[in-house]
Amino acid sequence: MPAFVTTSIIALASAAAFAAPAAAKTLIYCSEGSPEGFDPAAYTSGTTFDASSRPVFNRLVEFKDGTTEVEPALAESYEISDDGLTYTFKLRPGVKFHTTDYFTPTRDLNADDVIFSFERQGDANNPWNQYIPGLTFEYYNSMEMASSIKSIEKVDDLTVRFTLNEPNAPFLANLAMDFASIQSKEYADALDQAGTKENLNSAPVGTGPFKFVAYQKDAVIRFAKNADYWGTPAKVDDLVFAITTDAAVRLQKLQAGECHIMPYPAPADIEALKADQNLTVMEQPGLNVAYLAYNTDVAPFDKPEVRKALNMAMNKQAIVDAVFQGMGQVAKNPIPPTMWSYNDAVQDEAYDPEAAKAALEAAGVTNLSMKIWAMPVQRPYMPNARRVAEMMQEDLGKVGVNAEIVSYEWGEYLKKSMEPGRDGAVILGWTGDNGDPDNFLSVLLSCAAAEDGGANRAFWCNEEFSNLLEQAKQTSDQAERTKLYEQAQVIFKDQAPWATIGHSTVVMPMSKKVTGYVMSPLGSHAFDTVDVAE
């Protein structure tokens, strides 16, 4: 099998560059950033999921359009034992993996593919666990899936049984997440034999509504309709991601007809977008949070009193007013107010520079210098991280803290921000993957997530906090889970591993030629139901 090579002849000069045969339909999406790769199990970035799992892959169960309700997908049905420990999935017969220029499958999807897709993430000795040096499975690690799953068994070719060590209330919803996308074991075996295992991350093969065609780094990704799709066929023949990091340029392309949909417009442009007769503008409250994560392993940020003092020094209301411009609200908790178990009784740190300065002095902190990491891209939870960092820098300067702003290319930013001993506090955020509080609290803040390969950018481990999360996962009683998560939020606020920043309203402008697009509360973008008028 030849090594995958990106196609360089695809250019972004204009929409005409993507012209298909007259009878074909092409949907052009002006995406906000480049994917880190095309193996959805290996990353947590929405830019990666939009470009990999959602067009190319399916999961055993998936979320219904526009909801957090789970429905069968590659599994045509499933059963859960009364004790909540056994999940048995009956796979759909006749589901075909993509036939591409670099791979021709000889069989349909079966239980071997499901087992391969999960075991490679949880077993450090699996030859596909570190098939790319330094690659980690953040979700699998942060959610403690390896310790939760006792076994995965092949009952027969079309039946798979998961047995858990203890009940896990969000387990089914977790399997609908992107990290649980089902890969082809046959394709992986062929790559292994050819000595090109890295192509699993650069030339994906799935069962989804679109087939991957080519990627020109930082420029364009091209997909084609999967004629053998097991579900309802996609409405368009070609799907193009025109990677356009600048929101102003995305807006220009949308208005010029060079793309049909653009995500994350600048808040200052939203009223003009709504006034444009050629556009449709959708919006909904985001299931998200933006935050500044301190490195709690590094002095003086290892002291809660120092972190709380820095939080008091920053005027979050002014930041949200200036950056979100009416399309967001100040965050005080690590989960959004639209999520069940949100603890509204929690009191946020008040903006008080004098008290902040006194608290730093009391903690023995003087002449503090620190770095603030500013994301280089827009995300649904963060319109302009650079501006946020600048306002934080100015506020911190008023209490005697010298803050330097740094940034990196998006993939590098995400990778470097996880390195132990990281110098600086990182601006990041999260959009919920499954509508469960555990998806925020465990993935981002648990002790397990603070270990190597986890997504806890604060490297914060509080045993009392993590124990509450474990108790909450082991009961299906939502009222009891709510009490436990409310207690966890109190501990989070007292320990302040983050400066919580804001929760945004998500806006999606698109051409009026576009029909069938459904906004997801989970921040994902699915294009198989989307059509484009001639």
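Mentor: Gladly! Let's begin with residue classes: Ala, Val, Leu, Ile, Met, Phe, Trp, Tyr, Cys and Pro count as nonpolar, Asp, Glu, Lys and Arg as charged, and the others, Gly among them, as polar. By those classes, the lining of the largest pocket has 14 nonpolar, eleven polar and eleven charged residues. Remember that this is a predicted model, where local features need pLDDT of at least 70, side-chain atom pairs count only at pLDDT 80 or more, and totals for chains, interfaces and linings use all residues. Residues are numbered from 1 along each chain as its sequence is written, and side-chain values use heavy atoms, with hydrogens and water left out.

Trainee: What makes a space a pocket?

Mentor: On a 1 Å grid over the protein atoms alone, a pocket is an open set of points with protein on both sides within 12 Å along at least five of seven lines, and lining residues have an atom within 4 Å of a point. The largest pocket holds about 810 Å³ of space. Among its 36 lining residues, Glu36, Tyr43, Gly134, Gly411 and Lys415 are the closest to the centre.

Trainee: Which helix gives the most to the lining of the largest pocket?

Mentor: That is α14 (residues 410-416), with four residues. A helix here is a DSSP run of H or I with at least four residues, numbered from the N terminus.

Trainee: Why are Cys447 and Cys461 called a disulfide?

Mentor: A disulfide is a pair of cysteine sulfur atoms within 2.5 Å. The sulfur atoms of Cys447 and Cys461 are 2.0 Å apart, so the pair meets that definition. The structure holds one disulfide.

Trainee: How do you know that the disulfide is right-handed?

Mentor: The torsion about the S-S bond of Cys447 and Cys461 is about 90°, so the disulfide is right-handed. Both cysteines lie in the loop between α15 (438-445) and α16 (463-473), so the pair ties together parts that are 14 residues apart in sequence.

Trainee: Why is Cys447 called buried, and what is Cys461 called?

Mentor: Buried means under 20% relative accessible area, exposed over 50%, and partly exposed in between, with a 1.4 Å probe and protein chains only. Cys447 has 12%, so Cys447 is buried. Cys461 has 41%, so Cys461 counts as partly exposed.

Terms used. Helices (H or I, at least four residues) and strands (E, at least two) are DSSP runs, numbered from the N terminus. On a 1 Å grid over the protein atoms alone, a cavity is a set of points where a 1.4 Å probe fits but cannot get out, and a pocket is an open set with protein on both sides within 12 Å along at least five of seven lines; lining residues have an atom within 4 Å of a point. Grid points are joined across faces, edges and corners, and a volume is the space filled by probe spheres set on the points.
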